[in-house]
Amino acid sequence: MSAYGSGRAIIEVDGLSKHYGELRAVDDISFSVADGEILGLLGHNGAGKTTTIRMLTGRARPTSGRALIAGHDVVHERERVKPLINLVFEEQNLYERQSGRENLELFVKLYGAPPARVPELLERVGLTDAASRRVRTYSSGMKQRLLIARALVNDPRVLFLDEPTKGLDPSSAREVRSIIREHASAGATVFLTTHYMEEADELCDRVAFLAAGRIVALDTPRELKLRYGERAATVLLRDRSEHRLRLDDCGDAARLESWMTAGDVLTVHSHEGTLEDVFVNLAGRPL
Amino acid sequence: MSLVRVNAIYRKDLRDALRDSRLIVALLMPLLIGLLYSFMFKDDTKPAARLGVVASTSTQLPAALQAATKAAMQLKVQTYADQAALTRQVRDKKVDVGLVIPAGFDSALKNGASPQLMVILPASPSFGGDYVAAMLDKVTQSLAGQVPAATVARVTLPAKAGTADSAFAEVGARKIFVLVAVILMLAMIAVYALPAVLTEETEKRTMEALTLIASDAEVIAAKSLFGLTYCVISVPIMLAITRVIPENVALFAVDIVLTSITLVGLGLLLGGLMKTQTQLNTWSTVALIPMIVPAIIVGLPVPGWVETIASVIPTAQTMRLGVNALSGRPLFGAEWLSVAIILAWAVVGYGLVWWRLTRQEAA
């Protein structure tokens, strides 16, 4: 996790909504993200995660409410916001007939970044050797790393990532998470959506749960787990029987006490609730 | 608008086009059609015929036939050693008509004799072969010193200006068809190549990556430049490989540049409407027809209402201006009207593109 805590909000969202006819894709959400923080947005498909990112990156106009990035309105001051942000899209939307280097060179020119940024980023995402190859020959993991390199060309103050590890093998996903963490540790703010609870738990300073377009919970993973997760313990007795006890349950607590008094307990393993548990409690079904 | 960004996107599109087989085919196909037309048709506006002759002594007959048919055709004469060789050439249609002229033919005519002249025609004679055979009586009478029964005054009326006849008569079929191929090429760029680039950007969502920093106007400006470059490069290639040089180069250049600007605008509109390559493949074929047909029927005897509709289509005006430029004469008058109609379509095309962009930004 990054060491955020300046308290100064770089993203401020107030009553943001996006309606498509009768459908309320995003419904009156409000939150803020501090400078240098990593915020994860979790939710089912269709919960409004991508729509929220589309509005924050100026690609969809809100039906109501407003969002500010570094104090600039994302709708009315879009040209001021553009150089401050970048986005790793959910789709691997690269120019496949062009090489990795040519893809980066294009965006370096578009953002007005120095040309030296291209080899630097290729090195950072481990694509220097493949830089001259056309992107269509890349593996999915290589494309994802190139997408991240493209999103870093302007060294954005706010980096949005829409499902950055979706469909990647564990090794590639780990590399991608490492790059994200590295960027955040340099002081940038990261706003990501993901389906992977462990990823959110590992990367994010705070997590927001989105259900049917509304934020149903927003806090640090630890607080959410403490508040909504189930605290439990697995007890192994001398007779080799195993029992799962809920620590909030008075009956289970009394059973544990009696086993302890009788000296029947061999081991006790406590379990902290997971974000998955929190999500099931809040949204009614797992991701 | 940042010119640096426009240039970066434009250069990316050019590089991508060279690696995109679909765009290369879209350029090559009209070029090959133009080349094919160039081989199939000749610049000569008069038909040509070939006369094969076997003559053991000197004779004035072939020269007299050339003189007699000069107004209607170009008669080329080839001599052969014997009748068998000539018969083979006629059978193989290497010559349109063969003549076996006996020794002392000219002097025999002058002495009032009736020497035998053998005419060899293929099973299905060409117009040239029939015409030469039909002229033999008149020519031999003349060589015999006989006075014609009547003096025939031949008057050829000029073709009516603004018709296909006048265009073919002045410019020749080859150049007309090369001009059609040029218009086909510009139309292919407009309804296929340019929309294909735009549709691919939309379908693969690279457009969204571009517009994270570039404005819609910058992207559209870059795509327009790309389309215009495609047109401006491909037309001279077509003219070079078909060796067609307009009589009025300046008018031809104006015609091509204005048409390119207009069709690129319409191509941007089409590309903006298509969401997938499959949609584009379907609709581009449909869109090609109203662009090409009006150009082809320019000057042809079609019903008035068809001519009226066709005359408001920009490619029909491209054809009219193009024929004027190729001939160096105002065969299809009112060039200012042609320019105005093409420009009006440019205004409509770019206006609609702009309207779509502003609607898109408001969504």
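## Lining of the largest cavity

Sixteen residues line the largest cavity, and those nearest its centre are A:Y95, A:R97, B:D16, B:D20 and B:E200. The structure described here is a predicted model. In chain B, the elements that contribute two or more residues to this lining are α1 (3–18), α2 (21–40) and α8 (173–203). The largest share, four residues, is supplied by α1(B).

## Number and volume of cavities

A probe the size of a water molecule, rolled over the atoms, shows where empty space is left. The structure contains two cavities of 30 Å³ or more.

## Lining of the second largest cavity

The residues around the second largest cavity are A:N86, A:L87, A:F107, A:Y111, A:R150 and A:A151, together with B:A209 and B:L212. Two or more residues of this lining come from each of the chain A elements β6 (85–88), α3 (100–111) and α5 (140–151).

Six residues of the lining of the second largest cavity are nonpolar, one is polar and one is charged.

Key: Residues numbered from 1 in each chain as written. Chains lettered and ligands numbered in written order. Predicted model: local features only at pLDDT ≥ 70, side-chain atom pairs only at ≥ 80, totals over all residues. Heavy atoms only, no water. 1 Å grid on protein atoms, 1.4 Å probe; cavity = no way out; pocket = protein on both sides within 12 Å on 5 of 7 lines; lining within 4 Å. Points joined across faces, edges and corners; volume = space filled by probe spheres on them. Nonpolar A, V, L, I, M, F, W, Y, C, P; charged D, E, K, R; others polar.
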